[in-house]
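Morning, everyone. Please bring up the model on your screens, and we'll walk through it together.

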Amino acid sequence: MRPYADRVTSTALLTDHYELTMVQAALGSGTAHRRSVFELFARRLPEGRRYGVVAGVGRMLDALETFRFDQEALAMLGGVVNDETLEWLAAYRFSGDVWGYAEGDAYFPHSPLVIVEGTFAEAVVLETLLLSIYNHDSAIASAASRMTMAAGERPCIEMGSRRTHEEAAVASARAAYVAGFASTSNLMARRRYGVPTAGTSAHSFTLLHDDEADAFRAQVSSLGSGTTLLVDTYDVEDAVRLGVEIAGTGLGAVRLDSGDLGVLAMRVRKELDDLGATKTRIVVTSDLDEYAIAALAAAPVDGYGVGTQLVTGSGSPTCGFVYKLVAREDEDGRMMAVAKKSVDKISIGGRKYALRRMDEHGVAEIEEIGIGTPPVDDGNDRELLVELVRDGEVVGREPLDAARARHVAARAELPWSVQQMSKGEPVIPTTFVE
């Protein structure tokens, strides 16, 4: 049997059973075709986080285009829903509109990241798909943003593929790239999304050879003197000396993967400089997160390889996004606001519009959410919702580098306190206006 990723041509079954039973019941009651507005948002940021990062928009648009119930899917759904619903699913094509925050932008509590407008039936079946993409990708991008901010001008390399599901690894590499990572170790991310890849060797390569010198000679012979040598398999000091001896003072970099990275980096920097390899870079890895990266700010480190902590959201593997019906057509054809009133799980009814208010210096002050009507731009504010889908056709697709550039600009417009790694409240408040 072919691998799962090669067999899937439809995203329609990446959903929950109850999405389709709701459609069946709504078809039966005659309410399935009522015009509706759904909103994807977070009630709060992960504990202590000061901002979040939107990611997965491009992946969502791709998934929406392949959200079709093919014959294989319909055959499987026999017994799950009735014949009337199967007939509806067979003809399913999303024909509505989607607005949302652009990829790479920052978000805050109650930011309307996605607004889906269509009939109840065609919009509700997208719930699980949208939530699974946005919750995962935005969690990774939010963690990655904190890491790249802590790293400053030093590049970060994503290398977490071995610490998560194989498909999540590809999505993680993409999301990390949006939030400023320079490259990934994952080759599928290079193929699908054009994310630059990097990598040289692991400890097993050194252990394969009779001694460290043979391993270094083999690597330099194959990859050139600009390669990165892993120098902590045995003795770091001896390995650095061997590396410069074999590759010359033009050795590209050395990698440290264990021990007290700050202390080791200082020792290695001195040794490299004493050997004349003053331009040889030092790359560090080993369960790094944003706090470890920040702690290494004063160390002579030139780059960071980040794995486990990145692909698990650095302690917040999901954003807690929800997808709620906020407006729907009544019996007379008029749109009315609807909202949940459950304790601790309230939603705010009405179609939303979002504006980021700026002060006179271009620094963000407020995330202002208009209910029913857009907030008024006073001249230097920024509207946040962009058109993604119009009448069922994708209109908001963009190059990944556009999202990457947007993230740099969006993070730069936030107040200075966004740079603090300590836990705190969102750096700007969210307010609602009607």
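The largest cavity holds about 40 Å³. How many cavities of 30 Å³ or more does the structure hold? It holds 1. Keep in mind that this is a predicted model.

Which residues line the largest cavity? Find Glu39, Phe41 and His110.

Now zoom out to the whole chain. It has 434 residues, and buried residues make up 53% of them. There are 16 helices and 19 strands. Along its principal axes, the C-alpha trace spans about 85 × 60 × 35 Å. Next, look at contacts in the chain with a separation of 6 or more. Residues 24 or more positions apart account for 72% of those.

On to the domains. The chain is divided into two named parts. Domain 1 takes in 4-125 + 341-433. Domain 2 runs over 141-315. How far apart are the C-alpha centres of the two domains? They lie 35 Å apart. The domains do touch: 21 residues of domain 1 are in contact with 25 residues of domain 2.

Next, backbone angles. Most residues other than glycine have a negative phi. Here are two that go the other way. Asp287 has a positive phi, near 50 degrees. Where is Asp287? Look in the loop between β10 (281-284) and α14 (290-295). Is Asp287 buried or exposed? Its relative accessibility is 59%, so Asp287 counts as exposed.

The second one is Asp391. Phi of Asp391 is also positive, near 50 degrees. Asp391 sits in the loop between β17 (385-390) and β18 (393-394). At 55% relative accessibility, Asp391 counts as exposed.

Now the cysteines. A disulfide is a covalent bond between the sulfur atoms of two cysteines. How many disulfides does a search of the whole structure find? The search finds 0. Take Cys156, which is in no disulfide. The nearest cysteine sulfur belongs to Cys319, and that sulfur is 19 Å away. The cut-off for a disulfide is 2.5 Å between the sulfurs.

One last stop: Asn186. Look for Asn186 in the loop between β7 (183-184) and α9 (187-193). Its relative accessibility is 9%, so Asn186 counts as buried. The cut-off for buried is under 20%.

What is Asn186 in contact with, leaving aside its neighbours within four places in sequence? The answer is Ser161, Ala169, Val170, Ala173 and Thr197. Also find Pro196. Asn186 and Pro196 are 10 residues apart in sequence. In space, they are 9.0 Å apart, C-alpha to C-alpha.

That's the tour. Questions, please.

Technical notes
Residues numbered from 1 in each chain as written. Predicted model: local features only at pLDDT ≥ 70, side-chain atom pairs only at ≥ 80, totals over all residues. Heavy atoms only, no water. 1 Å grid on protein atoms, 1.4 Å probe; cavity = no way out; pocket = protein on both sides within 12 Å on 5 of 7 lines; lining within 4 Å. Points joined across faces, edges and corners; volume = space filled by probe spheres on them. Helix = DSSP H or I, 4+ residues; strand = E, 2+ residues; numbered from the N terminus. Buried < 20%, exposed > 50% of the residue type's maximum accessible area, 1.4 Å probe, protein only. Domains from an automatic or database assignment. Contact = heavy atoms within 4.5 Å.
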